[in-house]
Amino acid sequence: MARNSYLFTSESVSEGHPDKVCDRISDAVVDAYLSGNPESRVACETLATTNRVVIAGEVRGPESITRDHVVDLARQAIKDIGYEQEGFHWEKAEVEVLLHAQSADIAQGVDSAGNKDEGAGDQGIMFGYACRETPELMPAPIYYSHRILQQLSEARRAKQGDAAKLGPDAKSQVTVRYEGGKPVEATSIVLSTQHLDENLSSSDVRAIVEPYIRSALPQGWINEQTEWHVNPTGKFVIGGPDGDTGLTGRKIIVDTYGGAAPHGGGAFSGKDPTKVDRSAAYAARYLAKNVVAAKLADRCTIQLAYAIGVSKPLSIYVDTYGTGTCDEAQLETLLGEVMDLSPRGIRQHLQLNRPIYARTAAYGHFGRAPEADGGFSWERTDLADTLASQLG
């Protein structure tokens, strides 16, 4: 029996977190290759530490994207995030590029040839999830953790009052109390943010960030019993890759559902959309969101499984946690009919072969509004009417 009363916690990290700096750089490389050739192949990893960035991986795409171009992409990403500090500076950091050609062995399994359709770029399992806890059909703890940091980032970039004293590196964490299976209040809030003025105390920082936190959460969620932990270790001046080494792909739970749903284990950033780690996870979220939007369930998890070089998914699994209005086996069959879940079919349906990925690198890949140029296309609910008419 499902629990109705409990606490659940999720965290988020800002675009200046060391791992997110690396995700941003890796996705900037993906965007550059897709801009030059929509059929490019990219698997790019970034490491960042004190005034040093290392970019490595496998690529296949236009020769116009040179080493110098990639170095400039990295510097521009770091500059946009806001790092102009002694230990990590967009202009002074050493950037090493170690990209090389994609493995021919992998390419022959993935590429289409003759009667063979394009295969998955790797084996693996991918999950999508949606629920009714927020208008965006996301779990409340991760959604509001992201929202806190997004509002602080916007204020910092706009230099709004004392928010200009904050640095790019930040983490948030929200614990939500559920009653009757629904989120009702925040029992604790944790916020650690870098600050440029080393004389600021934890209480000074709280005075700066509290108005943004309160505006990010639903009215009434913060009360006298809410526990606050703002910069609980004290001074936080040394931040970003100068304070902690960053790597691409280390924040996969932050990127998805904050632990409220399963995760297949694969990271997204730095990968072109032939990699099902990324594209099939987007497709699974898209389908799960449309199931909930169609009112076929209040909660829905979808799993897709693939084998390298094989175009069709090995399995489609649906779990509606007892909230569904239709048979889950029927739903599994219908989802495979309304969307071609081969790697090529996913890319075409969601129009993924476009430079839309750098913007996904922070504040989650899900729960974002679809954009006019195709960004976050997997957040559309354009299949809801079809699903409802078939099974509603």
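This is a predicted model: local features need pLDDT of at least 70, side-chain atom pairs count only at pLDDT 80 or more; totals for chains, interfaces and linings use all residues.
Residues are numbered from 1 along each chain as its sequence is written, and side-chain values use heavy atoms, with hydrogens and water left out. Local features need pLDDT of at least 70 and side-chain atom pairs count only at pLDDT 80 or more, while totals for chains, interfaces and linings use all residues.

View 1. Asp 255 sits in helix 6 (residues 252-255); helices here are DSSP runs of H or I, at least four residues, and strands are runs of E, at least two, numbered from the N terminus. Asp 255 counts as buried because its relative accessibility is 3% (buried means under 20% relative accessible area, with a 1.4 Å probe and protein chains only). Skip the neighbours within four places in sequence, and its contacts (heavy atoms within 4.5 Å) are Lys 20, Asp 23, Phe 268, Gly 364, His 365 and Phe 366.

**View 2. The buried side of helix 8.** In helix 8 (residues 328-338), the buried residues are Leu 331, Leu 334 and Leu 335. They cover an arc of only 105° around the axis, so they end up on the same side of helix 8; the arc is taken from the directions from the helix axis to the C-beta atoms. Their cover includes helix 7, strand 12, strand 13 and helix 10. At the N-terminal end, Asp 327 caps the helix, with a side-chain oxygen 3.1 Å from the backbone nitrogen of Ala 329.

**View 3. Lys 275, a buried loop lysine.** Lys 275 lies in the loop between helix 6 and helix 7, and it counts as buried because its relative accessibility is 16%. Beyond residues up to four places away in sequence, Lys 275 touches Arg 41, Val 42, Ala 43 and Gln 102.

Definitions and conventions. Buried means under 20% relative accessible area, exposed over 50%, partly exposed in between (1.4 Å probe, protein chains only). A polar contact is a pair of N or O atoms within 3.5 Å; within protein, one must be able to donate a hydrogen and the other to accept it, and residues adjacent in sequence count only if both atoms are side-chain atoms.
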